Amino acid sequence: MKKICFFDTKPYDKTYFDMYKEAFDFEIDYFEPKLNADTAIMARGYEAVVAFVNDTIDAKTIDILYEGGVRLIAMRCAGYNNVDFKAAFGKVHVVRVPAYSPYAVAEHAMALLLTLNRKIHRAYNRTREHNFSLNGLTGFDLHGKTMGVIGTGKIGRIFIDICKGFGMEILAYDLYPQTESGLHYVSLQELCERSDVISLHCPLTKETWHMINKNTLQLMKKGVFLINTSRGALINSEDLFHAIKEEQVGGAVLDVYEEETEFFYEDLSGEIIKDDILSGLISMPNVIVTSHQAFLTKEALSNIAEITFENLKEYFKGTGLANEICYRCTKFGNCDKTDKNRCF
Ligand code: NAI
């Protein structure tokens with residue numbers, strides 16, 4: 001039986017993976033620690049590891065995995081900015097789940113916006129204390145406002161449809177605009193200048209790292225709302241923190257944070273958070289932080305489990321790897337996949 005181990009496993013992961021594992025002939029061990037250079041040794045003797053968004057899959061981790069016999073890293077997520085593809089190439093295949101529920105993420109983005117704008121988080125706490133005052137709870141109509149969407153891929157497009165349902169005007173920016181989509185594409189500068197709310201739906205790459213920084217924040221309308229359900233490092237958090245303090249930004253909802261690896265997915269309620277920017281942002285009444293949970297729906301977890309097992313099955317059968325990704329794929333959009341429909 002093929003041996004596979006999972007890193008960074010939470011109870012809800014196990015529930016869904018256990019539901020699907022019977023259909024596949026794998027021996028599975030679930031590990032709680034995140035995968036990184038210190039924990040990679042745990043995978044010795046396994047041929048495949050299953051990893052997640054906050055694992056650190058750098059060159060050192062990959063070398064330790066490879067020396068221990070690992071030949072496949074199956075990412076149980078869509079994003080892959082935490083993988084050193086150059087280091088993996090030729091040694092360890094990397095597969096991912098390119099889409100599992102773009103609806104989950106797009107719906108969470110809108111849930112966060114509605115919560116913040118209509119102050120639901122504050123109203124909920126107030127009424128539990130029998131405080132029925134409305135002071136400070138005024139929001140604005142989304143209808144007729146302009147939503148700027150950065151990244152018009154699977155999630156961005158669904159989010160746009162949701163926003164259209166609210167009667168919002170849409171401005172879009174993408175490095176690769178979908179010209180047939182009928183979307184109104186503008187430059188990043190124009191999007192920043194004209195949007196009332198800006199939502200990020202592009203991947204984290206060298207080009208998008210800190211794309212929201214003090215320069216782009218200054219271009220935005222005073223009081224702009226920002227939504228980030230993509231990757232934390234799209235935003236320079238310190239610049240955002242200051243822009244909120246200076247009231248240039250009127251509100252921010254963040255499902256991701258650039259230094260989240262140390263905190264997200266853990267119960268740290270009894271501890272002092274040593275990241276002053278994260279603590280500062282969380283303490284602000286016009287900021288909502290969720291712990292990288294936009295994907296967390298039953299449908300998404302089922303799809304992640306099923307597609308991850310299919311990816312593993314393909315690998316062990318020796319067939320092409322439909323969801324393989326390598327540095328050539330990320331650089332050129334695709335690679336030849338000349339070797340048995342695999343990247344190498
Ligand atoms: P996608 O690949 O379908 O779409 C990404 C879009 O971004 C594409 O249209 C692409 O052309 C565009 N893009 C690439 N580079 C760009 C640049 N430099 N500037 C502007 N646009 C650029 O990806 P999908 O499925 O829509 O996911 C988007 C992101 O959402 C993922 O990269 C991931 O980081 C994040 N995500 C977050 C989750 C969460 O739980 N918070 C769950 C799943 C994805």
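**Entry 1: helix 1 against helix 11**

I call a crossing left-handed if the near helix is turned anticlockwise from the far one by less than a right angle, and right-handed if clockwise. With that in hand, I looked at helix 1, which passes helix 11 (residues 298-317) in a right-handed crossing. Helices (H or I, at least four residues) and strands (E, at least two) are DSSP runs numbered from the N terminus. This is a predicted model, so I took local features only at pLDDT of at least 70 and side-chain atom pairs only at pLDDT 80 or more, while totals for chains, interfaces and linings use all residues. My residue numbers start from 1 along each chain as its sequence is written, and side-chain values use heavy atoms, with hydrogens and water left out.

Helix 1 and helix 11 pack at about 55°, their axes 9 Å apart; axes are lines fitted to C-alpha atoms, for helices over the stretch in contact, and angles run from 0 to 180 degrees between N-to-C directions. That makes the two helices oblique to each other (under 35 degrees is roughly parallel, over 145 roughly antiparallel, 65 to 115 roughly perpendicular, the rest oblique). I then listed who touches whom, contact being heavy atoms within 4.5 Å. Helix 1 brings Tyr12, Asp13, Tyr16, Phe17, Tyr20 and Lys21 to the contact. From helix 11 come Lys298, Leu301, Ser302, Ile304, Ala305, Glu306, Thr308 and Phe309.

**Entry 2: Phe6 and the rings**

I paired rings of Phe, Tyr and Trp (its six-membered ring) if their centres lie within 6.5 Å, with planes under 30 degrees apart stacked, over 60 edge-to-face and the rest tilted. That rule gives 16 aromatic pairs. One of them is Phe6 with Phe17, an edge-to-face pair at 4.7 Å centre to centre and 75° between the planes. Phe6 lies in strand 1 (residues 2-6) and Phe17 in helix 1 (residues 11-21), so the pair ties together parts 11 residues apart in sequence.

Is Phe6 buried or exposed? It is buried, at a relative accessible area of 0%, and Phe17 is buried too, at 2% (buried is under 20%, exposed over 50%, partly exposed in between, with a 1.4 Å probe and protein chains only). Beyond its neighbours within four places in sequence, I find Phe6 in contact with Phe17, Ile28, Asp29, Tyr30, Phe31, Val50, Arg76 and Phe309. I also checked Glu32: its C-alpha is 8.1 Å from that of Phe6, though 26 residues separate them in sequence.

Which residues do the ring pairs link into a cluster with Phe6? I get Phe17, Phe24, Phe26, Tyr30, Phe309, Tyr315 and Phe316.

**Entry 3: lysines over rings**

My test was NZ of Lys or CZ of Arg within 6 Å of the ring centre and within 35 degrees of the ring normal. Lys3 has its charged end over the ring of Tyr46, 4.6 Å from the centre. Lys91 lies over the face of Tyr66, at 5.8 Å from the ring centre.

Helix 4 (residues 102-117) and helix 6 (residues 154-165) have axes 8 Å apart at an angle of about 50°, which makes them oblique. I noted their crossing as right-handed. The helix 4 side of the contact includes Pro102, Tyr103 and Met110, and the helix 6 side includes Ile155, Phe159 and Cys163.

Helix 9 (residues 237-245) and helix 10 (residues 276-283) cross at roughly 35°, with axes coming within 10 Å. This crossing is left-handed. Ser237, Glu238, Leu240, Phe241 and Ile244 of helix 9 meet Ile277, Gly280 and Leu281 of helix 10.

Thr146 sits in strand 6 (residues 146-150) and is buried at 13%. Setting aside neighbours within four places in sequence, I see Thr146 touching Met168, Glu169, Leu171, Arg194, Ser195, Asp196 and Val197.

I looked at phi last, as most residues other than glycine have a negative value. Lys119 has a positive phi of about 55°; this residue is in the loop between helix 4 and helix 5 (120-128) and counts as buried at 16%. Asn341 has a positive phi near 60°. I found Asn341 in the segment after helix 12 (327-332), exposed at 52%.
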